[in-house]
Amino acid sequence: MAPARPDLTPAAPRLAAPAMRQAGTLELLADLGEGALFVGGWCDTAPASGAGALLLLREAGGTRVLPGRFHAGWRDRPDTGPATGFYGIVDCGEVPDPGAIEGLLFPAEAGPSALLPRYASAQLLSEGTAFNLLREILDAGRAGEARARLGRAASRFDGTDTLARSPLPVRVGIDECARLGAAGLYLSGWLFDPERLVASVHLCEGEARRRLDGDWAILPRPDAAEALGDEPRLAAYGAPGAVHGFVALVPEPGAGGDELHLTLDMAGASPLHVPLVVRPGRAVPLLRAALRRLDPDLPASLDVVDRQVAPALARLPGAVPRLIGMRGGEAAPEALATLVIGCAGDAEGVAPLLALLAADDPALALLPILVCGEARDLGVQAGDIERASAFYGLNLRLVFASDLEDATDALMAGAQWAETDLVCLLTPRVVPATPRWLSELIAARAAAGAEAVLPALDDAEPGITIPATLGRRASDRGENRRLDGCLVSRARLLSLGSAQGAFLDPDEKERDTIRRLLAGGLGLHRTPAVRLATTRESGAAGPWMRLARRADRRAGELRALARPSVSVR
């Protein structure tokens, strides 16, 4: 059956001069960007790849001619004959409005030029659909000499997951993709590549690329094989090395305006793309969660810490807590001190602690108390805390904050809102072990004439359940390096500002705070006669803490190397 002749645009009769002949039609058009136009239709002759072509554009003053180069792959069309249908590209240096295109003209040196007018019901396609049609031609092996040009276009990322529909035995699974501010982009997942077809993996944003597979840390992922269960052909690859996990923490390749995706450059095939769904994340909680999933006895886990986590941690500044709101309490600037209780996911321990403190020392009722914690955690326990405060007649104010990483942040944030010159720092993880400990501590500071006093810290008294690893006094393991019980000048404490960097081990952050106080010339008096007892570890106990301490240590070394050196002449 002869192909239907299209209805010509108004300009077409003027173009159909004796030196031209209608050789086909344009039925599909799409703007591919970068000066490239996708064209699809039929033509009774096949111009050579790279042949000169003229786009005919309808404008207010008439028809404008835009020169370009035509590259196409050919396919059989039952309605027009063998190898007459085409999908291709016209490189024209600028991106014309597809809606203004009247036709495509192939000038001839001898004889009439071939004209492909636009079909009256021509379709304007999306970029993704056009790329899929080019891939169809390439996969069918019908691109001929245009293969290189069409391949470059078809391999561009169009927002779709081309890896998922690839027949190649290659798959990628993404477990986590989070934007962590100065730490960069955190990416974890697995790669299935039993035939070693993947030449490289890049993180891409627009035209910007950053290679990942040369720097990411590799982990065993025996669990990832389950994800291939829906594809029996892939699950048949049972080699132990067929799947491996990866963790990468890298700066983003672009300016943050384009969609992020992975590009897998393949050996002997077009690149494959995997779109990434990026969520905002808080760096320290996410990195702590990531380390909890690692086995600290595996060398691969140490590689994750040394090559990924520690460098990212070194780039992070210290947390800057934000005040969300306050409620309760009365101003008492004339009081001797303010008791600041900092919560870090343990606000449920505040009400029992208040009961112990009030029973231990009636003088507590004379002091203002600030309880500071993450708004969500503290809000859940606020009712119980306020009822305990009212029962014991305490002057208590709740301070709701955000962006707290640990107890040190909560203590520093709470101290900002104290009205007295002195603050005493405490967390729900301790209980008094010396009668009237707070009065004794205040008296010890006055007697010593010191800027700050720090009580001794013991393990809990018998009857309180604690981890078996805490079988000795903290003072036997070294001096108390925690902030619990520290009675200190509020101005001196706040002069420290935020921490000099991020920490994954909460205990190390406390020790760093005390080191910075001492380095600033603080006169610290230790009072072994006043004792507190710990009922739990300050940091989340577990084998992963070995990795956290290693990351903190390595990050500290990297920060020290990054500081400018001072030469003395």
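This report describes selected strands, helices and nonpolar cores of a predicted model.

Residues are numbered from 1 along each chain as its sequence is written, and side-chain values use heavy atoms, with hydrogens and water left out. Because the model is predicted, local features need pLDDT of at least 70 and side-chain atom pairs count only at pLDDT 80 or more, while totals for chains, interfaces and linings use all residues.

## The five-stranded sheet

Helices (H or I, at least four residues) and strands (E, at least two) are DSSP runs, numbered from the N terminus. Two strands pair if DSSP finds at least two bridges between them. Five strands make up an open sheet with mixed pairing, in the order S13-S14-S10-S9-S17. Strands S13 (217-219) and S17 (279-280) each have a single partner strand and stand at the edges, so one side of each is left without a neighbour in the sheet.

Within this sheet, S9 (residues 171-179) and S10 (residues 185-192) are antiparallel and share eight bridges. Cysteine 177 has leucine 187 in S10 as its bridge partner.

Two helices are placed against the sheet. Helix H5 (residues 283-292) lies across S9, S10, S14 (243-250) and S17, at about 30° to S10. Helix H6 (residues 299-315) packs on the sheet and touches S13 and S14, and its direction makes about 140° with that of S13. Axes are lines fitted to C-alpha atoms, for helices over the stretch in contact, and angles run from 0 to 180 degrees between N-to-C directions. Contact means heavy atoms within 4.5 Å.

| Strand pair | Sense | Bridges |
|---|---|---|
| S11 (residues 198-205) and S15 | antiparallel | seven bridges |
| S15 and S16 (residues 272-275) | antiparallel | four bridges |
| S18 (residues 322-327) and S21 | antiparallel | five bridges |
| S20 (residues 368-374) and S21 | parallel | seven bridges |

In a regular strand the side chains alternate between the two faces of the sheet. Buried means under 20% relative accessible area, exposed over 50%, and partly exposed in between (1.4 Å probe, protein chains only).

In S15, Leu260, Leu262, Leu264 and Met266 point one way and His261, Thr263 and Asp265 the other way, and all are buried. Methionine 266 is the bridge partner of valine 198, and leucine 264 stands opposite leucine 272 in S16. S15 and S16 form a hairpin with five residues between them, and glycine 268 in the turn has a positive phi of about 75°.

Aspartate 265 belongs to S15 (residues 260-266). Aspartate 265 counts as buried because its relative accessibility is 18%. Its side chain makes a polar contact with the side chain of arginine 209 at 2.9 Å. A polar contact is a pair of N or O atoms within 3.5 Å; within protein, one must be able to donate a hydrogen and the other to accept it, and residues adjacent in sequence count only if both atoms are side-chain atoms. Not counting residues up to four places away in sequence, the residues that aspartate 265 touches include Val198, His202 and Pro271.

S21 (residues 395-402) has eight of its eight residues buried. Asn395, Arg397, Val399 and Ala401 lie on one side, and Leu396, Leu398, Phe400 and Ser402 on the other. Leucine 398 stands opposite arginine 327, and phenylalanine 400 stands opposite glycine 373.

A nonpolar core is a set of buried Ala, Val, Leu, Ile, Met, Phe, Trp, Tyr and Cys residues joined through side-chain atoms within 4.5 Å. The largest has 36 residues, and Ile341, Leu354, Ile369, Val371, Leu426 and Trp437 have the most contacts inside it. Helix H7 (residues 350-360) gives the most to this core, with five residues. Apart from this core lies another, of 31 residues, among them Leu180, Leu286, Ala300 and Val304.

Threonine 427 lies in the loop between S22 (422-426) and S23 (430-432). Its relative accessible area is 1%, so threonine 427 is buried. Leaving aside neighbours within four places in sequence, threonine 427 is in contact with Ile341, Gly342, Leu353, Ala407, Leu411 and Asp484.

## Helix H12

In helix H12 (residues 506-519), ten of 14 residues are buried. At its start, a side-chain oxygen of aspartate 505 reaches to within 3.1 Å of the backbone nitrogen of aspartate 507. Glycine 521, with a positive phi near 90°, follows H12.
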